[in-house]
Amino acid sequence: MFARSVAPQMIEEYVDTGKLRYVFKYFPFLGDESYYAAEAAECAGDQGKFWEYHDLLSLRWQGEGVGTFLPDKLKGYAGELALDTQAFGACLDSRRHEALVLADKRDGAQAGVSRTPTLILNGQQISSPRDFEELKAIIEEALNGGG
Amino acid sequence: MSESPQRLFPLWWILPVTVLLALLATACGSGGGGGTSATVTPAASGSRHVIGSPDAPLELIEYADFQ
């Protein structure tokens with residue numbers, strides 16, 4: 001999983017050193033739980049905790065359609081981060097961020113995205129790396145003018 | 001003839017309040033990602049979720065499904 005196994009090293013080595021800007025976009029397509037999770041992340045973002053919630057979801061991931069990202073579970077994760085759970089629950093139940101999530105997905109589809117994770121480096125879609133070393137080689141090549 | 005306190009009052013608080021608001025905005029604008037600290041920049045590429053310098057030579061966009 002990119003968020004758990006590759007992103008932390010990528011952020012430490014390239015984002016924190018000013019070489020790379022990392023943009024996260026939603027492309028939910030695996031089922032209802034994908035949409036719930038994306039909207040929940042936005043609700044956490046309303047309370048200034050998007051990245052913390054993003055990281056927690058990657059830790060809680062157990063597989064596709066196994067119930068890990070159903071609304072009640074997502075509300076529980078908000079509690080783990082000490083968010084205002086009442087506001088979070090109201091946000092999630094209202095589905096107020098559905099349009100934003102769908103807009104990201106529409107942008108992705110227009111850019112040729114059909115599965116996840118899909119990575120686009122300086123406008124060019126790259127093959128999903130198996131590990132950080134593979135991504136590092138791609139980034140280094142781009143930094144040296146090869147990308 | 002000296003200025004009345006009522007006329008001077010609106011002027012003195014503007015600078016310290018502006019500085020305080022700027023400091024608060026800076027403090028609220030920092031965050032994490034991938035378990036590390038990083039600079040949060042204004043949205044690039046139409047996304048609200050961006051970390052890294054706007055001057056970085058490379059931009060990586062991840063399209064993700066949390067499942």
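Two residues are in contact if their C-beta atoms, placed from the backbone, lie within 7 Å. By this criterion, five residues of domain 1 of chain A are in contact with five residues of domain 2 of chain A. On the domain 1 side, this contact comprises four nonpolar, no polar and one charged residues. Here Ala, Val, Leu, Ile, Met, Phe, Trp, Tyr, Cys and Pro count as nonpolar, Asp, Glu, Lys and Arg as charged, and the others, Gly among them, as polar. Domain 1 of chain A covers 1-23 + 113-147, and domain 2 covers 28-111; such bounds come from an automatic or database domain assignment. The C-alpha centres of the two domains lie 23 Å apart.

The model is predicted: local features need pLDDT of at least 70, side-chain atom pairs count only at pLDDT 80 or more, and totals for chains, interfaces and linings use all residues. Residues are numbered from 1 along each chain as its sequence is written, while chains are lettered from A and ligands numbered from 1 in the order in which they are written.

The contact between the chains takes 49 residues from chain A and 31 residues from chain B. By class, the chain B side has 14 nonpolar, 13 polar and four charged residues. Its largest share, seven residues, comes from β4(B). Helices (H or I, at least four residues) and strands (E, at least two) are DSSP runs, numbered from the N terminus.

Both chains contribute to an open sheet of five strands with mixed pairing, in the order β3(A)-β2(A)-β4(B)-β1(A)-β3(B). Two strands pair if DSSP finds at least two bridges between them. At the edges stand β3(A) and β3(B), each with a single partner strand, so one side of each is left without a neighbour in the sheet. Neighbouring strands are turned by 25° against each other on average, direction ignored.

| Partner of β1(A) | Bridges | Direction | Facing residues |
|---|---|---|---|
| β3(B) | three bridges | antiparallel | Phe24(A) and His49(B) |

Helix α6 (residues 98-110) of chain A lies across β1(A) and β4(B), running at about 110° to β1(A). Helix α7 (residues 132-143) of chain A packs on the sheet, touching β1, β2 and β3 of chain A together with β4(B), and its direction makes about 145° with that of β4(B). Axes are lines fitted to C-alpha atoms, for helices over the stretch in contact, and angles run from 0 to 180 degrees between N-to-C directions.

A residue is buried if 20 or more other C-beta atoms lie within 10 Å of its own, exposed if 12 or fewer, and partly exposed in between. In α5(A) (residues 85-94), Phe88(A), Cys91(A) and Leu92(A) are buried. Seen down the axis of α5(A), these buried residues fall within an arc of 95°, so they line one face of the helix; the arc is that of the directions from the helix axis to the C-beta atoms. The face turned away carries the exposed residues Gln86(A), Ala90(A), Asp93(A) and Ser94(A). Cover for the buried residues of α5(A) includes α2(A) and α4(A).

Leu70(A) lies in the loop between α3(A) and α4(A). Leu70(A) is partly exposed, with 15 other C-beta atoms within 10 Å. Leaving aside neighbours within four places in sequence, Leu70(A) is in contact with Glu33(A) and Tyr36(A).
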